[in-house]
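My entries follow the display.

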Amino acid sequence: MTTQDDSAIIEVRDLVKVYGDETRAVDGISFGVAPGELFGFLGPNGAGKTTTIRILATLLQPTEGTARVAGFDVTTHPGEVRKRLGLAQQAPALDAFSTGRETLELAGILQRMPLAEVRRRADELLELMGLTSVGKKLTGTYSGGMKRRIDLASALMHSPPVLILDEPTEGLDPQSRTALWEELERINQAGTSMLLTTHYMEEADRLCSRLAIIDNGRIVVDGSPGDLKRSVGADTVILRLASTNGDLDSQRATVRRLLADMVAADAVSPHPEGVSLSVPNASEAVPAMLRRLDGERVPITGLQMSQPSLDSVFLKYTGRHIREEAADQPISMGWQ
Amino acid sequence: MTAIAYETYHLGLRTTRRFLRVPANVFSILFFPLIQLLVFSQLYEDIVQLPGFGGQTSYLAYLAPGQIAFTAFMAVAWSGFGLLVEIRGGYTDKLRVSPIHRWSILASEMVPLFFQAAAMAAIILVICVVLGTTIVTGIPGALLILVLAGLFGLALSGASFIPALLTKSEQATSTFSLLLFPLMFASTAFVPEELMPDWMQVVNQWNPISYVIEAIRALMVTGYDWNAIGAAFGSMALVGVILQAATLWAFNRVAR
């Protein structure tokens, strides 16, 4: 379940964090992130995602276990980790009385970038994030989406090989969320490895090449979103059929007969406009089905495919819906 | 060491901007010293005729050193707030994730307070001079007064950082600052020691604010009284070392 090879950009083994007396926030987590990968942590609030991230970002000491980021142990070489890491926290952490440009420049200066390079990179990131026009305005005046983007930009100033994002789109409106997703995909495609946490199913589904579902401080399952969804059950394929003279039933029977060697009889059920098929790995199976049905002149007018949702994955492995946990959690404050 | 200086300089510019970009900061620091200077100097105009004022003819001139010291105190009385807000908002964590020494974070909050306290005291000093107070030691003496005010602010700032770091509560921090106000009234800011009741004279003997006030008074009225100036530096060093050591301990406690 984990990639334990030396090439992993993030490598976590048997990580445990116990708070105070007996709260096991992280209870033996192991996973690896390969270079260039966009790895997701999916789980409800309080599952241990943020604690894990804070350990990886050198903000918190693990109780047990080891974590390495970009080849360095977070406990023994935090300084080396910090040079190679960008962190965007759950809430954008900004100085309201600094301008956007000052925010970026300070981040670069603290990373010991040469001054000319600091200016060039700040210009570049303001442009990329669409913030050039507000670069001289105080970040306290920014909208929620702008705050996210300038916070993300400041984490990217030193072009770190690893970017860690804690709930990157929490509290954003749908447009800003989509825009940020596109931005994150672009950064990832440019070569930055990413670890992000989320409790939004669609976010994990859209962004992550691989994800781990975490609950009560443990990873309950990990894999690609597609694999995880397939593990829950088959995809659903709906074929819409033209019903010229009310002969929908005979057409359904034709479909059932033609696809008998591809789809089990009990996996075909009537649908008001045609048939509904339950097919494992539908995206690979459907082309062959269509070729055969088309060859036999079955009048197909529409096709709809759907996968089981990640929510059903979460339900299968934890016995709960993710939303039940996500709502109404108190916000934790302070450093402990 | 050079790394800490480099980081403190750049982070210190930021904390200075944070102070200057809220004009209300300057106003709230200057308001009380100014009111005391303008109102008390008229309200108690004739108090200088009492014995103990050493033949001083203007109560304004007597009040000035105390209000300069008080201004430095006001400049740092809520200095823990900025750090507190940034710890809460995650900004301090963001700084801790960059490859810098964690002491630079604290130093960048404190070092600017020297300049902040000195600059605010300078405004009150200039107002005093405009109102007719004289400084017998001239410009060099005035500069030494500002150094004293700056160091006084720096030494005392721990009194705001410690409750901020330990309680992480704005209410507790501001209440603690208020508790320090009576020290001002139990000092030689308003009346000479001879006119105080006996118990207050004892408090005054141990009150670091009085040592700073008397050094400033010497520089304004009598000249370079190195005993008074030395006592002021000594008491500030003592207060500064105790409070800032405690601040460092409290900071390490939260920032590891």
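The entries below record what I looked up, topic by topic.

**Conventions.** I worked from a predicted model, in which local features need pLDDT of at least 70, side-chain atom pairs count only at pLDDT 80 or more, and totals for chains, interfaces and linings use all residues. Residues are numbered from 1 along each chain as its sequence is written, while chains are lettered from A and ligands numbered from 1 in the order in which they are written.

**Domains.** I noted that chain A is assigned domain 1 (10-229 + 313-326) and domain 2 (234-307); such bounds come from an automatic or database domain assignment. The C-alpha centres of domain 1 and domain 2 of chain A are 43 Å apart.

**Helix pair.** I then examined α8 (residues 225-232) and α11 (residues 310-318) of chain A, whose axes come within 9 Å and cross at roughly 60°. Helices (H or I, at least four residues) and strands (E, at least two) are DSSP runs, numbered from the N terminus. Axes are lines fitted to C-alpha atoms, for helices over the stretch in contact, with angles from 0 to 180 degrees between N-to-C directions. On the side of α8(A), the contact is made by P225(A), L228(A), K229(A) and V232(A), and on that of α11(A) by L310(A), S312(A), V313(A) and K316(A). Two residues are in contact if their C-beta atoms, placed from the backbone, lie within 7 Å.

**Positive phi.** Most residues other than glycine have a negative phi. I found that D14(A), not a glycine, has a positive phi of about 50°, and that D14(A) lies in strand β1 (residues 10-19) of chain A. D14(A) is partly exposed, with 13 other C-beta atoms within 10 Å. T58(A), also not a glycine, has a positive phi of about 70° and sits in the loop between α1 (49-56) and β4 (64-69) of chain A. I recorded T58(A) as buried, with 24 other C-beta atoms within 10 Å. A residue is buried if 20 or more other C-beta atoms lie within 10 Å of its own, exposed if 12 or fewer, and partly exposed in between, with C-beta atoms placed from the backbone.

**Chain contact.** Finally, I noted that 23 residues of chain A are in contact with 20 residues of chain B. On the chain A side, α3(A) supplies the largest share, 4 residues.
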